[in-house]
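Q: I would like a close look at one part of this structure. Please start with the chain as a whole and then zoom in.

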Amino acid sequence: MDSISLVISSQSVECIEGRIDPEMDSRLNSFRLVNEQRNHGGDACWFFFAKADLTKPEALSRAEQWHASTHHCLWSGMFH
């Protein structure tokens, strides 16, 4: 199974192959895990890390905007 991390701030969304460990990766000093989900086929697990100043709904909205613009092949969108 693939793991993919989205690092979400108010300015950008970065897609990183693999799961990032916020304890070990200094890029995530001011980020927190706000959501985790598997796509419908179960072949990818997505981790959503948001900057501390974003609420969970704001971060997930930015993730959906990112998906709408990139159409990443392993993500079928947010589950509601």
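Among contacts in the chain between residues at least 6 apart in sequence, what percentage joins residues at least 24 apart?

A: The share is 48%. Contact here means heavy atoms within 4.5 Å. This is a predicted model, in which local features need pLDDT of at least 70 and side-chain atom pairs count only at pLDDT 80 or more, while totals for chains, interfaces and linings use all residues. Residues are numbered from 1 along each chain as its sequence is written, and side-chain values use heavy atoms, leaving out hydrogens and water.

Now the parts. The chain has one helix and four strands. Both are DSSP runs numbered from the N terminus: helices are H or I with at least four residues, strands are E with at least two. Their order from the N terminus is β-β-β-β-α.

Two strands pair if DSSP finds at least two bridges between them. Strands of a sheet pair through backbone hydrogen bonds, either parallel or antiparallel.

Next, zoom in on β3 and β4. They run antiparallel, joined by seven bridges. Leu-33 stands opposite Phe-49 in β4.

A nonpolar core is a set of buried Ala, Val, Leu, Ile, Met, Phe, Trp, Tyr and Cys residues joined through side-chain atoms within 4.5 Å. Buried means under 20% relative accessible area, exposed over 50%, and partly exposed in between, with a 1.4 Å probe and protein chains only. The largest core has 14 residues. Leu-6, Ile-8, Trp-46 and Phe-48 touch the most other members. β1 (2-8), β4 (44-51) and α1 (56-70) each give this core at least two residues. A second, separate core has eight residues, including Ile-16, Leu-28, Phe-31 and Phe-47.

Finish at the start of the chain. Met-1 lies in the segment before β1. Met-1 counts as exposed because its relative accessibility is 57%. Its C-alpha atom is 5.3 Å from that of Ala-44, 43 residues away along the chain.
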